[in-house]
Amino acid sequence: MAVDILIAEDEPSILESLDFILRRAGYSIGAVTDGDAVLDAVRRLSPRLLVLDVMLPKRSGFDVLKQIRANLELRDMPVLILTAKGQQQDRRTAEELGADGFVTKPYANAEVVGAVRQLLAGHGGAA
């Protein structure tokens with residue numbers, strides 16, 4: 001079962017918010033709440049894009065991003081990183097690891113939807 005967007009976020013209120021705004025924008029959504037579950041879900045759901053929180057239980061978003069970029073089947077999937085406000089080092093690390101986009105929490109709904117549309121359009125998929 002393919003979904004448009006897989007969200008990897010452990011904070012229930014943020015996950016619920018992202019799920020709501022992205023569904024309202026017309027996307028189908030899958031979700032996981034820890035770093036260990038991300039790769040299995042990516043393989044199972046074949047998302048067009050991954051929204052990945054940096055701070056996840058069991059395995060950090062950075063570790064997950066490293067694994068995705070090292071995997072021949074998954075490496076081209078666009079990844080949008082979420083991180084807490086003021087974490088400039090997180091942004092640099094994410095860029096070095098191959099993140100395609102970056103959104104800082106707290107975020108504006110339009111910012112998230114805009115970033116998702118831009119990444120999907122840039123990766124050959126209709127936004």
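## Where H1 meets H5

Ser-17, Leu-18, Ile-21, Leu-22 and Arg-24 in helix H1 meet Asn-109, Val-112, Val-113 and Val-116 in helix H5. Contact means heavy atoms within 4.5 Å. The residues of this contact divide into 6 nonpolar, 2 polar and 1 charged. Ala, Val, Leu, Ile, Met, Phe, Trp, Tyr, Cys and Pro count as nonpolar, Asp, Glu, Lys and Arg as charged, and the others, Gly among them, as polar.

This is a predicted model: local features need pLDDT of at least 70, side-chain atom pairs count only at pLDDT 80 or more, and totals for chains, interfaces and linings use all residues. Residues are numbered from 1 along each chain as its sequence is written, and side-chain values use heavy atoms, with hydrogens and water left out.

H1 covers residues 12-24 and H5 covers 109-122. Helices (H or I, at least four residues) and strands (E, at least two) are DSSP runs, numbered from the N terminus. The two axes come within 10 Å and cross at roughly 60°. Axes are lines fitted to C-alpha atoms, for helices over the stretch in contact, and angles run from 0 to 180 degrees between N-to-C directions. H1 and H5 are therefore oblique to each other. Angles under 35 degrees count as roughly parallel, over 145 as roughly antiparallel, 65 to 115 as roughly perpendicular and the rest as oblique.

## Where H3 meets H4

The axes of H3 and H4 (residues 88-97) also come within 10 Å, but cross at roughly 15°. H3 and H4 are therefore roughly parallel. Phe-62, Leu-65, Lys-66 and Arg-69 in H3 meet Asp-90, Thr-93, Ala-94 and Leu-97 in H4. This contact divides into 4 nonpolar, 1 polar and 3 charged residues.

## The nonpolar cores

The largest nonpolar core has 24 residues. Such a core is a set of buried Ala, Val, Leu, Ile, Met, Phe, Trp, Tyr and Cys residues joined through side-chain atoms within 4.5 Å. Buried means under 20% relative accessible area, exposed over 50%, partly exposed in between (1.4 Å probe, protein chains only). Leu-6, Val-38 and Ile-81 are among those with the most contacts inside this core. H2 gives the largest share, 5 residues. Apart from this core lies another, of 21 residues, among them Ile-21, Leu-49, Val-51 and Leu-120.

## A look at Val-51

Val-51 sits in strand S3. Val-51 counts as buried, at 0% relative accessibility. Beyond its neighbours within four places in sequence, Val-51 touches residues including Leu-6, Leu-18 and Leu-82.
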